[in-house]
Amino acid sequence: MSFNTLKIAVGAGEVLTSYRGAARKTVTPKAATTPTVNGFIVTTAELAASTLRKGDMLVLSSATPTNLALEASTQARVTSIVASGADWQVNVSPALGSAPAAGSASVTILYHDRGATDGDIVLEIETTLTEQEIDQSMDIVAAIRTARKITAMIPLAEATLENLALSAGLTPPSSGTALDIGDTAPGAAREDRFLLILPGPDSLRRFVNFHRGVVQGKASHKASKKDKSVYACEARAMPDSTMTPTTTSIVDAA
């Protein structure tokens, strides 16, 4: 064994999501400005309406990513949003494929960054086998795969209403300061797209994409002078027949 070539993965991860219950949000660079592949200017009203924030993953609205796990390492991320007079300069890296058009909804937010985590982000793949027996053999003669669960356990450390709603499987809040919960009949679970960026071997990053994820479990918000609230989000991957592969993609990339 060579200790210099051990395939060890260690480090912090990132979590990004996109709500499937509504169209992905777009961003309109301010008219009469000159966007570049590295950034663009938005008005204060546009920044608030789009809910754009640092860490979000962007793509040109004219582009259609086909495999987010495969392409995620090349997609533009918001690195900073800084005041520019009465407006805001949005800087991105890596660069967008081309400069977005000013005055039109030319940028799409693929994923929102869920912020800091505290604890282990865990990807778990569990396969259930049904064993087959026959009278003529004392041994198990075959095993059939009958179920598979792909789950992500995500400890969200930022106590936003968006994170609380995600972890509880609730409809996203109507604003950053109001989460409305009313009496509703049983229905379909909330669905989100999940992108996990985890440490991989050889200094690579492991990109895990749930095309259609549902959350189960509970979200607990506590008041403590010794510790912060951490929302334990548990997401289960489910098939999406419109995607290839249908359930999840896992890719190691720089």
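Which side chains meet in a salt bridge at 3.3 Å, N to O? They are those of R20 and E191, where a salt bridge means a side-chain nitrogen of Lys or Arg within 4 Å of a carboxyl oxygen of Asp or Glu. R20 sits in the loop between strand 1 (14-19) and strand 2 (26-27), while E191 belongs to strand 10 (residues 191-199), so this pair ties together parts that are 171 residues apart in sequence. Helices (H or I, at least four residues) and strands (E, at least two) are DSSP runs, numbered from the N terminus.

Before we go on, a word on the model. It is a predicted one, in which local features need pLDDT of at least 70, side-chain atom pairs count only at pLDDT 80 or more, and totals for chains, interfaces and linings use all residues. Residues are numbered from 1 along each chain as its sequence is written, and side-chain values use heavy atoms, with hydrogens and water left out.

Now step back to the whole chain. Its secondary structure comes to three helices and 13 strands, and its C-alpha atoms fill a box of roughly 80 × 50 × 40 Å along the principal axes. Of the 254 residues, 35% count as buried; buried means under 20% relative accessible area, exposed means over 50%, and partly exposed lies in between (1.4 Å probe, protein chains only). Among contacts (heavy atoms within 4.5 Å) with a separation of 6 or more, 68% join residues 24 or more positions apart.

Back to the charges. Side chains of opposite charge can pair when their charged atoms come close. A search of the whole structure finds 11 salt bridges.

Another pair is D252 and R206, with the closest N and O atoms 2.6 Å apart. D252 lies in strand 13 (residues 248-253) and R206 in strand 11 (residues 205-216), so here the parts tied together are 46 residues apart in sequence. Both are partly exposed: D252 has a relative accessibility of 32%, and R206 has 30%. D227 and K222 also form a salt bridge, their closest N and O atoms being 3.7 Å apart. D227 is partly exposed at 41%, and K222 is partly exposed at 42%.

What about a charge without a partner? R193, in strand 10, is buried yet has no salt bridge, and the nearest side chain of opposite charge, D240, is 6.4 Å away. Lys and Arg count as positive here and Asp and Glu as negative, with His and the chain ends not counted. Leaving aside neighbours within four places in sequence, R193 is in contact with several residues, including L16, T17, R20, R24, Y111 and F210.

Finally, look at the surface. L6, I8 and V10 form a nonpolar patch with about 310 Å² of accessible area together. Patches are made of residues with over 30% relative accessible area and no salt bridge, like charges being joined within 9 Å and nonpolar side chains (Val, Leu, Ile, Met, Phe, Trp, Tyr) within 5 Å. Accessible areas come from the Shrake-Rupley method with a 1.4 Å probe; for residues, only the protein chains shown count as cover. V10 is in the segment before strand 1 and is exposed, with a relative accessible area of 71%.
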